[in-house]
Amino acid sequence: MTDCIFCKIAAGEIPSEFVYEDDQVVGFRDLNPQAPTHVLLIPRRHIATLNELRPEDEALVGHLYTAAAEVARREGLAEAGYRTVINCNADGGQTVFHLHLHLLGGRRMSWPPG
Ligand code: AMP
């Protein structure tokens, strides 16, 4: 999508240092980190929200989580733990409408979330 900031990041049109990259998914650091490690994992293909997922996207979503676990290992978070979050629409707190998985770690998370 031409006016989507995360599509532009995935396409390399906005310079960004990828902490993870493969043919389906890229990962980069959040501009406004909410934890010592805060990485966003996104599909290269534009999907606006979780609501737009189709059965044929199931492997892609599974791959997003596999990529997140790989980044967590690389960042040294795996043993202590970390949190993954996908926000959906207004009540979920979504502000960028290109599906993204937040990987947060490096501090103890609280529950319930705000
Ligand atoms: P959400 O509120 O779940 O939609 O998360 C969107 C996230 O994208 C926020 O944590 C923002 O800080 C982050 N963000 C927005 N623009 C950029 C950008 N250009 N590069 C990296 N992170 C961004």
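Predicted model: local features only at pLDDT ≥ 70, side-chain atom pairs only at ≥ 80, totals over all residues.
1. A polar side-chain atom of His100 is placed 2.9 Å from an oxygen atom of the ligand. Val96 takes part through its backbone, where a polar atom is 3.0 Å from an oxygen atom of the ligand. On its own the ligand has 500 Å² of accessible area, and the protein covers 82% of that area.

2. The ligand takes up the space of the largest pocket.

3. Strand E5. This strand runs over residues 101-105, and five of its five residues are buried, so E5 is largely enclosed by the rest of the structure. Leu101, Leu103 and Gly105 point one way from E5, while His102 and Leu104 point the other way; all are buried.

4. The partners of E5. Strand E3 (residues 37-43) pairs with E5 in the antiparallel sense, over five bridges. Strand E4 (residues 82-85) also pairs with E5 in the antiparallel sense, over four bridges. Leu104 of E5 can be followed in both pairings: His38 stands opposite Leu104, and Arg83 stands opposite Leu104 as well.

5. His100. This residue is found in the loop between helix H3 and E5. Its relative accessible area is 6%, so His100 is buried. The side chain of His100 supplies the polar atom that lies 2.9 Å from an oxygen atom of the ligand. Along the sequence His100 and Val25 are 75 residues apart, yet their C-alpha atoms are 9.9 Å apart in space.

6. Gln94. The loop between helix H3 (89-92) and E5 also holds Gln94. Gln94 counts as buried because its relative accessibility is 6%. Two backbone oxygens can be related to the side chain of Gln94. That of Ala48 lies 3.0 Å from a polar atom of this side chain, and that of Val96 lies 3.0 Å from a polar atom of this side chain. Val96 has also been named above for its polar backbone atom 3.0 Å from a ligand oxygen.

7. Thr49. The place of Thr49 is in the loop between E3 and helix H2 (58-74). With 4% relative accessibility, Thr49 counts as buried. A polar atom of the Thr49 side chain lies 2.9 Å from the backbone nitrogen of Asn51. The side chains of Thr49 and Glu52 are joined by a polar contact of 2.6 Å.

8. Gly27. Strand E2 contains Gly27. The relative accessibility of Gly27 is 0%, so this glycine counts as buried. Gly27 and Glu75 are 48 residues apart along the chain, and their C-alpha atoms are separated by 12 Å.

9. Backbone geometry. Most residues other than glycine have a negative phi, and most peptide bonds are trans. Against that background, two places deserve a reader's attention. Asn89, in helix H3, has a positive phi, near 60°. The relative accessible area of Asn89 is 31%, so Asn89 is partly exposed. The peptide bond that joins Trp111 and Pro112 is cis, with omega about 5°. Pro112 lies in the segment after E5.

Key. Residues numbered from 1 in each chain as written. Heavy atoms only, no water. Buried < 20%, exposed > 50% of the residue type's maximum accessible area, 1.4 Å probe, protein only. Helix = DSSP H or I, 4+ residues; strand = E, 2+ residues; numbered from the N terminus. Pairing = 2+ DSSP bridges. Polar contact = N/O pair within 3.5 Å; in protein donor to acceptor, adjacent residues only side chain to side chain. Areas by Shrake-Rupley, 256 points an atom, 1.4 Å probe, with all protein chains shown as cover. 1 Å grid on protein atoms, 1.4 Å probe; cavity = no way out; pocket = protein on both sides within 12 Å on 5 of 7 lines; lining within 4 Å. Sits in = over half its atoms within 2 Å of the grid points.
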